[in-house]
Amino acid sequence: FFFQAEDGIRDLRMSRGLGDVYKRQGINAEYGIPESSCSSMSLFKKFVEIGRVCRVTKGRFINEMVVIVDVIDQNRVLVVGENVTRQQMPFTQIAITPVLAKVPRGARSATVKKAFKAQGIADKFANLTSVKRIARSAKRASANDFDRFKIMLARKERALRVRQELNKLKKAQKA
């Protein structure tokens, strides 16, 4: 007998339940994943792994650099940093970065600090966009009234120069 599928296609086979709508989609046999969701490019690039450099987002060590030296469970990791004591930290308090340090599992603080210096991890960390943004906002927050006044004058001067160059280009284009 015929069965009316959810997508409006009649079929000779009996319904297999809620997944019946998807039975015509290609399935990747190896993983059981629909073909449409498989691609040659990986979706994730930053993984929780030993040596992954992270930024602390909450707590006493906010915006400090730490490295994962061990994974405790699905919610916590053991971290060490230059200015951060060896401690466990939940994933909710760290932001994973694309920087990876070569340190062994369970490395001690001294080993991690040597690896930071040898591999130039501090420079790589300082060049991250998120860290630059935090430094810029901290600098802006620490500006006093006179600094803000100087910034305003500099912006006005820059806008004037841009406007003058644009007018020169417009004149040259008309002529």
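Me: In which strand does threonine 97 lie?
Reply: The model is predicted, and residues are numbered from 1 along each chain. Threonine 97 falls within residues 94–100, and that run is strand 9.

Me: Is threonine 97 buried or exposed?
Reply: The relative accessibility of threonine 97 is 5%. Buried means under 20% relative accessible area. Threonine 97 therefore counts as buried.

Me: How many bridges pair strand 5 with strand 9?
Reply: Strand 5 covers residues 52–56 and pairs with strand 9 in the antiparallel sense. Within this pairing, valine 56 stands opposite isoleucine 94. The number of bridges is four.

Me: In what order do the strands of the open sheet stand?
Reply: The sheet is made of five strands, and their pairing is antiparallel. Its edge strands are strand 8 and strand 9, each pairing on one side only. From one strand to the next the twist averages 50°. The order is 8-7-6-5-9.

Me: How many residues of strand 7 are buried?
Reply: Strand 7 runs over residues 76–81 and is mostly covered. It pairs with strand 6 over five bridges, and four bridges join it to strand 8. Of the six residues in strand 7, the number buried is five.

Me: Which residue in strand 7 is the bridge partner of isoleucine 68?
Reply: Strand 6, residues 65–71, pairs with strand 7 in the antiparallel sense. A hairpin of four residues joins the two strands. In strand 7, the partner of isoleucine 68 is valine 79.

Me: Which residue in strand 8 does leucine 78 stand opposite?
Reply: Strand 8 covers residues 87–90 and runs antiparallel to strand 7. The two strands form a hairpin with five residues between them. Opposite leucine 78 stands glutamine 88.

Me: With which side chain does the side chain of aspartate 70 make a polar contact?
Reply: Aspartate 70 is found in strand 6. At 18% relative accessibility, aspartate 70 counts as buried. Apart from residues up to four places away in sequence, aspartate 70 touches Ile50, Val77, Leu78 and Arg105. The polar contact, at 3.1 Å, is with arginine 105.

Me: How far apart in space are isoleucine 121 and valine 67, C-alpha to C-alpha?
Reply: Isoleucine 121 lies in helix 2, residues 121–126. With 0% relative accessibility, isoleucine 121 counts as buried, and the residues it touches include Val53, Met65 and Val99. Isoleucine 121 and valine 67 are 54 residues apart in sequence, and in space their separation is 10.0 Å.

Me: Which residue caps the N-terminal end of helix 4?
Reply: Helix 4 is made of residues 145–174. A side-chain oxygen lies 3.2 Å from the backbone nitrogen of phenylalanine 146. That oxygen belongs to the capping residue, asparagine 144.

Me: What distance does helix 4 reach from its first C-alpha to its last?
Reply: Helix 4 has 30 residues. The span expected at 1.5 Å a residue is 44 Å. The reach in the model is close to that, at 44 Å.

Me: Why are phenylalanine 146 and phenylalanine 149 separated by about one helical turn, and how is their aromatic pair classed?
Reply: The two residues are about one helical turn apart because they are three residues apart in helix 4. Phenylalanine 146 is exposed at 51% relative accessibility, whereas phenylalanine 149 is partly exposed at 42%. A search of the whole structure finds one aromatic pair. Phenylalanine 146 and phenylalanine 149 form that pair, with 6.4 Å centre to centre and 25° between the planes, and the pair is stacked.

Me: What pattern does the protein follow along the sequence?
Reply: The secondary structure comes to four helices and nine strands. Of the 175 residues, 22% are buried. Read along the sequence, the pattern is β-β-β-β-β-β-β-β-β-α-α-α-α.

Methods
This is a predicted model: local features need pLDDT of at least 70, side-chain atom pairs count only at pLDDT 80 or more; totals for chains, interfaces and linings use all residues. Side-chain values use heavy atoms; hydrogens and water are left out. The expected span of a helix is 1.5 Å times one less than its number of residues. A polar contact is a pair of N or O atoms within 3.5 Å; within protein, one must be able to donate a hydrogen and the other to accept it, and residues adjacent in sequence count only if both atoms are side-chain atoms. Rings of Phe, Tyr and Trp (its six-membered ring) pair if their centres lie within 6.5 Å; planes under 30 degrees apart count as stacked, over 60 as edge-to-face and the rest as tilted. Buried means under 20% relative accessible area, exposed over 50%, partly exposed in between (1.4 Å probe, protein chains only). Two strands pair if DSSP finds at least two bridges between them. Contact means heavy atoms within 4.5 Å. Axes are lines fitted to C-alpha atoms, for helices over the stretch in contact, and angles run from 0 to 180 degrees between N-to-C directions.
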